[in-house]
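I opened my notebook to record what I looked up in this structure, entry by entry.

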Amino acid sequence: MLQETTRIEAHAPEPGPAIAAVPGSRSPVLLEVAILILRAAEMISVVATAWIAAALVLDFIPDRMAQAYGNAALIAGLFYAALAEVTGCYDIDTRFSVRTGWARVMTAWLSTGMFLMTLGFLLKVSEDFSRGWAIAWFAAGGIALLVLRAGGTAWMRRLKQRGVFNHRVAIFGAGSQGDRLAKYILGNEKLTIDLVGFFDDRLPERLPEREVQLPLYGNLDDLITHIRTGAIDQVIVALPWSAEKRLQEVVAELAITPVRIRLAPDLATFAFAQRPVVLLGDLPVMTLFERPISGFDQITKKIEDMVIGAIALILLAPLFLIAAIAIKLDSSGPVFFRQDREGFNNQRFRIWKFRSMRTDQCEADGITQARKDDDRITRVGRFLRRTSIDELPQLFNVLSGEMSLVGPRPHAASTKAGDRVFSEVVDHYAARHKVKPGMTGWAQVHGWRGETDTEEKLLKRLEHDLYYIENWSVLLDLYIIGRTAITLAFQKTAY
């Protein structure tokens with residue numbers, strides 16, 4: 001077979017040889033059967049663990065309550081099955097990933113528990129059930145679901161490695177676009193695809209060199225012949241989108257065959273292969289970048305800022321008064337210092353700080369970052385900066401909506417790393433401004449705070465800021481706030 005493949009690569013594809021059979025049993029529909037089995041097993045486990053927990057925890061179940069316990073188990077099983085569908089527990093990206101599967105299974109199970117508690121409260125029947133049984137059931141059900149998902153995923157992975165689920169896919173178009181597509185498919189372990197080879201109407205000498213060494217079997221007529229013999233399950237057309245007429249002709253020819261026909265992305269699209277495709281009406285469009293922390297997340301973060309910010313301001317009011325008195329006694333000038341900073345969407349705003357420098361040394365523009373033993377800093381100011389108390393008035397910025405409690409720290413537009421302003425050091429520096437700036441951030445709790453006197457320090461800050469933007473969650477914010485409190489006690493880079 002290797003000799004036959006070599007001959008095909010070297011000469012015109014006429015007539016094309018037969019496609020080699022895939023060894024072993026193979027049926028793509030078995031993947032859906034496996035998922036159906038997993039669905040049923042998880043729903044049954046929810047009901048079964050309810051009875052197991054009752055047998056272990058309860059000494060006696062009155063006859064009038066036996067049916068109630070059974071109904072609760074059945075309702076939980078049905079509700080979990082529905083929630084598992086909604087949360088994507090059986091989506092393509094979970095089928096061969098234990099971590100992703102576990103996360104979604106636990107989301108569905110926790111939601112099921114919350115639903116049952118709410119239902120019991122509304123129907124005023126929660127007192128009729130044993131709390132020990134409920135806790136045991138919740139724990140046993142969660143463990144059973146995790147074990148089932150891990151075992152089911154391992155089972156499906158083994159079947160996938162044997163090629164049981166795989167579709168036999170041919171690529172029509174052996175140019176650069178088809179080569180790039182084949183390379184992507186072969187490098188993606190999640191796909192259930194056996195690539196059988198290329199088909200193209202052009203002669204081999206007119207085709208560019210390919211990185212992927214798959215056989216070239218023939219032209220469009222040969223492709224249809226192989227489809228008729230049942231050797232191909234799916235065809236991906238990899239022709240340039242600019243060749244609209246030829247694309248329509250090829251698709252029209254293939255449309256009369258009983259296989260799935262797909263259109264490969266144009267060459268430029270491969271640069272954004274990980275981006276999601278959504279429907280704009282009936283037109284598929286690719287989402288290149290989403291606005292981070294948008295929709296309901298934006299509302300959640302706003303509530304977080306308002307609630308925690310207001311509580312913090314009330315609790316810290318005595319400290320504000322003490323700091324204000326100390327500043328006035330130490331040096332002449334205002335208590336607060338205002339300075340322009342760049343915030344969300346590169347919009348300028350005026351940041352609030354306790355004044356820590358001499359009045360005649362405060363810079364409103366052309367900012368020079370504070371450094372160790374800076375003679376511009378007052379005695380009280382040195383303490384305020386070392387303890388970060390000088391940053392606390394930024395709570396006013398948080399409550400006014402200009403800043404957030406957690407986010408990338410705001411810098412003045414003229415601040416420099418070495419002898420270059422920040423925006424000149426990194427082309428995508430402005431990506432930090434896709435969210436509101438924060439009083440503290442992921443970079444700060446990892447030690448990247450204080451003077452940014454080198455480009456390396458700036459790059460590290462940016463790296464951490466972008467990580468935060470991509471991975472935001474309420475729990476991450478609370479973690480950063482808590483870790484900030486600990487970090488402030490041991491910090492050495494604030495001066």
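**Entry 1**

I began with Phe 115, which counts as partly exposed because its relative accessibility is 27%; buried means under 20% relative accessible area, exposed over 50%, and partly exposed in between, with a 1.4 Å probe and protein chains only. I noted that this is a predicted model, in which local features need pLDDT of at least 70 and side-chain atom pairs count only at pLDDT 80 or more, while totals for chains, interfaces and linings use all residues. I also noted that residues are numbered from 1 along each chain as its sequence is written, and that side-chain values use heavy atoms, with hydrogens and water left out.

Phe 115 sits in helix α4, residues 98-123; helices (H or I, at least four residues) and strands (E, at least two) are DSSP runs, numbered from the N terminus. Setting aside residues up to four places away in sequence, I found Phe 115 touching Ile 75 and Phe 79, where contact means heavy atoms within 4.5 Å. Phe 115 and Phe 79 are 36 residues apart in sequence, and their C-alpha atoms are 8.5 Å apart in space.

I then followed α4 itself, which has 26 residues and reaches 37 Å from its first C-alpha to its last, close to the 38 Å expected at 1.5 Å a residue; the expected span is 1.5 Å times one less than the number of residues. The buried residues of α4 include Val 105, Ala 108, Trp 109 and Thr 112. After α4 comes Lys 124, with a positive phi near 60 degrees.

**Entry 2: The nonpolar cores**

Which residues have the most contacts inside the largest nonpolar core? This core has 31 residues, and those with the most contacts inside it are Val 46, Tyr 80, Tyr 90, Trp 133, Trp 137, Met 156 and Phe 165. A nonpolar core is a set of buried Ala, Val, Leu, Ile, Met, Phe, Trp, Tyr and Cys residues joined through side-chain atoms within 4.5 Å. At least two residues of this core come from each of α2 (29-57), α3 (63-86), α4 and α5 (131-161). Apart from it I noted another core, of 27 residues, among them Ile 327, Val 398, Met 439 and Val 445.

In soluble globular proteins, nonpolar side chains tend to be buried together.

**Entry 3: Salt bridges**

How many salt bridges are there? The count comes to 18, where a salt bridge is a side-chain nitrogen of Lys or Arg within 4 Å of a carboxyl oxygen of Asp or Glu.

In one of them, Glu 32 and Arg 95 meet through their side chains at 3.4 Å, N to O. Glu 32 lies in helix α2 and Arg 95 in the loop between α3 and α4, so the pair ties together parts that are 63 residues apart in sequence. Glu 32 is partly exposed, at 41% relative accessible area, whereas Arg 95 counts as buried at 12%.

I next looked up Lys 353 and Asp 390, which form a salt bridge with their closest N and O atoms 3.6 Å apart. This pair links distant parts of the chain, 37 residues apart, with Lys 353 in strand β8 (residues 348-354) and Asp 390 in the loop between α11 (379-386) and α12 (394-399). Is Lys 353 buried or exposed? Lys 353 is buried, with a relative accessible area of 10%, and Asp 390 is buried too. Salt bridges link Lys 353, Asp 390, Glu 391 and Arg 409 in a network.

Within helix α15 (residues 455-470), Lys 460 and Glu 463 lie 3 residues apart, about one turn of the helix. Their salt bridge has its closest N and O atoms 3.9 Å apart. Lys 460 is partly exposed at 29%, and Glu 463 is partly exposed at 46%.

**Entry 4: The whole protein**

Last, I noted that the protein has 16 helices and 12 strands, and that buried residues make up 42% of its 495 residues.
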